[in-house]
Amino acid sequence: MNNNIVVGNIQKTCFHDGPGIRTTVFLKGCPIRCPWCANPENLSLDIKYTCDIDKCDYNNCPYNLDCNGFNSNQQTLKKNEKECPLNAIKATGSTITTKELVKQLLSINNHDGITFSGGDPLFQAYALKEVLRKLKNNNINICIETSLYSNPNNLLQIIDYIDTFIIDIKILEEKKCRQVLNGDVNNFYTNVERVFEKKKSVIFRIPLADNLVYNDVNVNLILKFLKDHKPLKVEIFKLHNLAQKKYEALGLKYNFNKEISDIKVRNFQNMISKEGINVEVISF
Amino acid sequence: MTLKKLIPVKVKYKIKYLLKRARQLNYGKSEKILYVLKNYFKVKVISGDDASEKIMSQAKIKIVKNDNFVVSLDNNILNLNPKIISNITIDYGQVLKYSINDIKDRYKNSNDSYSVREYKFILAVELYVNKIIKNLKNNDKLLIDNLKKILNSSDLNFHQALQKILIFNTIAWQIGMKLNGFGRLDKILDSYYEENEFNNKLLFEFLSIINSNYNFKSGELLGDTGQIIILGGLDENEKYFSNKLTYKFIETLKKLNKPDPKILLRVSSKMDIKLLTVAVECIKTGIGSPLLSNDDVIIPILKNFGCGIDSYNYITSACWEPLIAGMSMDQNNICGLNYLEPLDKILNTNNVSLDNLEELYIEELKKYIKDKVNLVNSYIFPYNPLLSMFTSDCDRKHKDVSEGGAKYSNFGFTTAGLANLTNSYFNLKKYCQEKKIYTFDELNEKRKNNYSDSSVLKLLKSNEKKFGLDDEEVINFVNKVISITGEELAKYRNKFGGKFKFGLSSPDYINFSRNLAASFDGRKNKEPLNVHISSNYSFDETISFACKLNYDGLAFNGNVIDFIITPDYIENNKEKFVQYIYKSIEDGFFQMQMNVVSSKVLIDAKKNPEQYPNLIVRVWGFSAYFNDLPEDYKNVLIERALKNEQ
């Protein structure tokens with residue numbers, strides 16, 4: 001089989017994406033829509049083109065391309081991506097064969113393993129399976145960062161190849177989850193059970209979106225969930241607004257506007273810690 | 001004949017020296033003149049073959065002491081010949097092995113001119129130490145006893161050993177040697193040190209007193225003293241050597257929190273990661289130290305160069321240029337090469353075109369190297385009896401280090417501008433050859449006009465193929481230039497029969513640019529050249545790139561990756577950051593140094609210097625107070641920090 005896979009980008013030397021130093025592959029496509037998402041360019045499988053205004057502030061290309069710079073439509077930007085002498089046009093990803101992706105990843109060797117992130121890597125589980133199989137044949141440690149909201153069949157495709165799961169815990173109230181994230185929390189619960197049944201290493205990661213994730217009802221649900229599903233550790237982190245520029249470039253609205261207080265972060269850390277769970281506040 | 005030429009050399013030398021001192025004090029023009037006039041007759045300049053001996057005899061005792069150590073340095077007596085072999089470290093292992101009496105015995109019965117000179121010099125040293133003793137007061141009994149012991153015995157304790165090192169180090173400064181390092185003090189002092197509170201206090205005081213006479217020891221820039229301590233390293237059995245002192249030196253330097261002295265830690269994939277963690281903790285404070293030097297890469301290259309088993313005992317010149325402790329007089333900073341200079345020369349001729357540019361450049365680079373070789377081979381070095389008595393094989397050959405007495409007598413060039421040359425090449429290739437946006441003549445014209453049209457600069461700077469990118473084509477280009485330089489230098493020998501080597505890190509990135517025209521990389525007239533191995537890419541990209549450069553052969557005279565990182569970044573990723581550095585050792589970087597500081601702090605410090613009296617930064621191979629730096633050096637750091645945070 002030689003499927004195509006849609007890759008956002010590949011980032012070397014990642015410190016927060018699993019054991020040791022990781023190379024992280026951001027795959028495009030995500031089943032849910034978190035208002036605070038830091039990688040909006042990877043939500044959809046579609047590849048979009050943006051023009052960096054810091055590199056090109058021209059309305060008419062001075063280098064004779066049929067391009068109106070940052071005022072151009074997607075078709076024009078796509079056409080000129082490779083031609084732009086200022087390297088101002090960027091694509092939010094590329095479609096490549098799984099074979100090509102494997103080749104690229106095997107050429108990188110100064111890491112402790114590869115992590116698949118996104119989007120959500122389960123969104124392209126069938127193509128990803130091909131990649132993981134070949135990487136595992138090369139004894140590469142595999143980690144996956146996922147919300148586990150995808151169809152449970154997707155998880156089944158890849159679960160055996162994964163060494164470590166980094167699983168987001170977000171909104172566990174069924175109704176609110178559907179309203180805010182457009183996600184089915186029952187998929188999350190089913191998938192988590194499968195991961196624990198297979199006795200995989202699990203790190204839970206909780207993005208502290210004030211009011212949405214951090215509220216009395218959800219915090220209690222999370223604590224109850226953690227009692228029943230003890231991971232290697234829990235990582236909690238404050239959300240930041242560093243993605244603002246990305247949303248602007250993509251013409252998307254950014255709904256995140258409030259950073260959680262340090263006191264709330266510490267309280268939450270203490271609550272988890274009291275359950276006898278290793279918990280760490282991380283920052284990116 | 002101009003009036004300037006009529007002024008005697010000694011007078012000029014004195015004035016130059018006093019002007020440097022006045023500059024260090026930040027005096028204005030009229031204050032400088034007054035300072036020179038006021039101090040002119042206080043300064044004495046000594047010349048001749050026996051200058052070192054005369055200086056030791058005539059130097060006034062000017063005591064600097066703390067509770068447990070004493071040194072003396074007369075900053076009003078100078079050696080006229082600035083070419084005295086410097087930028088090297090006396091072998092303090094040898095210094096501790098023999099008492100002054102032992103050394104006298106070594107030479108007293110020989111009549112050859114070398115031995116006579118050495119004997120006279122050691123007598124002058126003995127006299128000098130006795131003068132210090134006389135100048136101490138009765139309540140300095142411990143200091144006096146230690147100095148007496150140094151004169152007569154080689155059976156010293158830790159305290160006396162440190163005191164002896166300080167005395168001989170100060171003698172080196174006194175006779176006019178510059179950039180005086182300390183060598184592998186953890187190894188040298190291994191048998192003397194026991195961990196206890198008093199010894200740890202001694203270590204703190206030892207490092208504190210090294211920091212004295214900071215202005216006198218500094219070169220043109222305050223902080224450029226070359227007082228480097230080398231720690232750790234592989235031993236002959238390929239096992240990593242470190243001891244309690246290795247850790248203690250790093251911890252004490254961190255506690256001292258001064259830019260000087262500085263530390264170079266020899267690292268290896270065989271070292272304990274705990275030591276690397278301690279080093280990163282020290283680096284995180286922002287003092288710019290330790291610099292990391294990778295034994296796994298350097299030792300095999302030194303072996304191939306011809307240093308055999310001695311390679312395991314390498315130290316470095318003031319910044320990072322490897323040489324063998326106690327066996328070498330290698331002048332590793334004898335001259336700088338600027339890769340843009342030959343390019344600039346051919347661009348000013350009429351027959352240059354895109355087709356013949358590469359060929360003309362290589363030809364001109366070779367001529368340029370030949371000229372530099374001829375220049376440094378014309379240098380005459382004065383006798384250095386101090387260095388000679390502690391350097392093998394001077395005694396065996398009865399030859400001073402300045403006559404080729406040492407086992408190794410090589411010369412090293414430092415280079416700057418390779419990044420600018422690389423980026424120029426890729427800009428010409430992309431914009432003139434591939435995309436044909438400009439003809440070569442058009443772009444050259446714009447360069448000559450210093451890129452008065454800013455859109456050209458925007459274009460030239462937007463090329464994503466640059467020095468520092470882990471890309472096969474970029475790496476191949478850089479390795480090709482390295483290889484041409486190495487092959488050319490291999491054709492020559494220096495006046496002692498020694499070899500020439502070179503490295504990609506140079507202190508000259510600002511000096512070389514002062515009269516240099518704009519270049520195709522988008523550098524305007526007089527703008528600084530790129531710093532060492534650095535780039536605008538992320539630090540891990542630059543490290544991956546640097547790990548793939550070919551340092552074999554002669555390209556090992558210091559190759560430092562230099563990057564700026566914020567303290568928060570290390571704090572938030574401490575454990576992983578250490579793991580990453582460890583992994584990079586395995587990947588094969590040559591050397592690495594970091595400035596741990598944010599652009600916000602640097603910008604604010606430039607505006608409000610009074611609020612940052614203790615802000616330390618790494619400059620080229622040394623650390624300095626940010627406030628002491630000239631504006632152009634401050635600007636380079638700020639610009640690089642801003643780009644790094646983008």
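Me: How are residues and chains labelled, and what limits apply?
Reply: Residues are numbered from 1 along each chain as its sequence is written, while chains are lettered from A and ligands numbered from 1 in the order in which they are written. The model is predicted, so local features need pLDDT of at least 70 and side-chain atom pairs count only at pLDDT 80 or more, whereas totals for chains, interfaces and linings use all residues.

Me: Why is helix 16 of chain B called oblique to helix 17 of chain B?
Reply: Helix 16 (residues 340-347) and helix 17 (residues 357-377) of chain B pack at an angle of about 125°, with their axes 9 Å apart. Angles under 35 degrees count as roughly parallel, over 145 as roughly antiparallel, 65 to 115 as roughly perpendicular and the rest as oblique. The angle therefore makes helix 16 of chain B oblique to helix 17 of chain B. Axes here are lines fitted to C-alpha atoms, for helices over the stretch in contact, and angles run from 0 to 180 degrees between N-to-C directions.

Me: What residues of helix 16 of chain B meet helix 17 of chain B?
Reply: Glu341(B), Pro342(B), Leu343(B), Lys345(B) and Ile346(B) meet Leu360(B), Tyr361(B), Glu364(B), Leu365(B) and Tyr368(B) of helix 17. Contact requires C-beta atoms, placed from the backbone, to lie within 7 Å. The residues of this contact divide into seven nonpolar, no polar and three charged. (Ala, Val, Leu, Ile, Met, Phe, Trp, Tyr, Cys and Pro count as nonpolar, Asp, Glu, Lys and Arg as charged, and the others, Gly among them, as polar.)

Me: Which helix of chain B gives the most to the side that touches chain A?
Reply: 17 residues of chain B are in contact with 13 residues of chain A. Helix 26 of chain B gives the most to that side of chain B, with five residues. The residues of this side divide into four nonpolar, six polar and seven charged.

Me: What makes strand 5 and strand 11 of chain A edge strands?
Reply: Nine strands of chain A form an open sheet in the order 5-1-2-6-7-8-9-10-11, with mixed pairing. Strand 5 (94-97) and strand 11 (279-282) of chain A each pair on one side only. Two strands pair if DSSP finds at least two bridges between them.

Me: How do you know that strand 6 and strand 7 of chain A pair?
Reply: Strand 6 (residues 113-117) and strand 7 (residues 142-146) of chain A share three bridges, in the parallel sense. Since pairing takes at least two bridges, these strands of chain A pair. In strand 7 of chain A, Ile142(A) is the bridge partner of Ile114(A).

Key:
Helix = DSSP H or I, 4+ residues; strand = E, 2+ residues; numbered from the N terminus. Contact = placed C-beta atoms within 7 Å.
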